[in-house]
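Please keep the structure open beside the text as you read.

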Amino acid sequence: MELKFKFWGRMCWTIDIDKKFKIGCDPSLSIKKELKTIAPVYDKEAFKNVKLWLITEGEKEHFDMEGASIIEDDAKIITRKESGKELRDKKNSNIYFVDWFKKVNLEIKGYRLIIEVIPAYRGGSFLSNPTIGKMNGYLLTIIHNSEVKKIYITGDTVYHENVIKPLIYHVIDVMIANIGQVKNSGWSTGKTMDLVMLNSFIRTINPEKLITILSKNEASRSEIKKYIDVIDVGQEINL
């Protein structure tokens, strides 16, 4: 199975599956500067043939009206109910509003896709009971003939036992991790994974391949690149 990952900016990316169709995540495409994240760079072909969209939350850094506008009419959408406003013009039969620990089974162009919703929390401190926020992470299983690929998409989350429990019995081929900061700087409403938490994830689930996404400005990216590689806008990776 040939999988090619491409990062478009902010938290938005796509995976090309054997050049037959694509899977996309978090199409937040506005170039508004107040979002304080790296604006996506893409052309009109970027999201053609994306037949499955995974949306982790309804915040504008993850999904917005510009993003909704590029979703093709026949694409399946897995998301939370908070995204409903942006999806009001889409076909209801293609939208799955799914909460934690639920699964969706799909077949797209002869490939079986199993999408399990993994808890994602934002806020709280390392290994503590998170205090705010409820988002979706996803465990995506792609099955074709005798091949199986498992991809864990963290979304914005802190490390927590409820996140780990559904994952520890799986062999994870790829982990796509959203990084929020270099190190724990205390409680904040926007807190997500830092490098200490990332290392805990890696030790626990031991993914074959790791892709790290940091959507913040270049100063933040320069700081974190002292410790770990983060993907650049427009970069492609063979999975």
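Helices (H or I, at least four residues) and strands (E, at least two) are DSSP runs, numbered from the N terminus. This is a predicted model, in which local features need pLDDT of at least 70 and side-chain atom pairs count only at pLDDT 80 or more, while totals for chains, interfaces and linings use all residues. Residues are numbered from 1 along each chain as its sequence is written, and side-chain values use heavy atoms, with hydrogens and water left out.

Let us begin with helix 3, residues 195-205. Just after helix 3, Asn-206 has a positive phi of about 50°. At the N-terminal end the cap is Asp-194, with a side-chain oxygen 3.1 Å from the backbone nitrogen of Val-196. This is a polar contact, meaning a pair of N or O atoms within 3.5 Å; within protein, one must be able to donate a hydrogen and the other to accept it, and residues adjacent in sequence count only if both atoms are side-chain atoms. Leu-195, Met-197, Leu-198, Ser-200, Phe-201 and Ile-205 are the buried residues of helix 3; buried means under 20% relative accessible area (1.4 Å probe, protein chains only).

Two strands pair if DSSP finds at least two bridges between them.

| Strands | Sense | Bridges | Opposite residues |
|---|---|---|---|
| 1 (residues 3-9) and 2 | antiparallel | six | Lys-6 and Thr-14 |

Two hairpins include strand 2. Two residues lie between strand 1 and strand 2, and in that hairpin Arg-10 takes a positive phi near 55°. In the hairpin of strand 2 and strand 3, with three residues between the strands, Asp-18 has a positive phi near 50°. Strand 2 (residues 12-17) is largely enclosed by the rest of the structure, because five of its six residues are buried.

What lines the largest cavity? Its lining residues are Met-11, Trp-13, Cys-25, Asp-26, Thr-56, Ile-153, Gly-155, Ile-176, Asn-178 and Ile-213. Here a cavity is a set of points on a 1 Å grid over the protein atoms alone where a 1.4 Å probe fits but cannot get out, and lining residues have an atom within 4 Å of a point.

Terms used: Buried means under 20% relative accessible area, exposed over 50%, partly exposed in between (1.4 Å probe, protein chains only). On a 1 Å grid over the protein atoms alone, a cavity is a set of points where a 1.4 Å probe fits but cannot get out, and a pocket is an open set with protein on both sides within 12 Å along at least five of seven lines; lining residues have an atom within 4 Å of a point.
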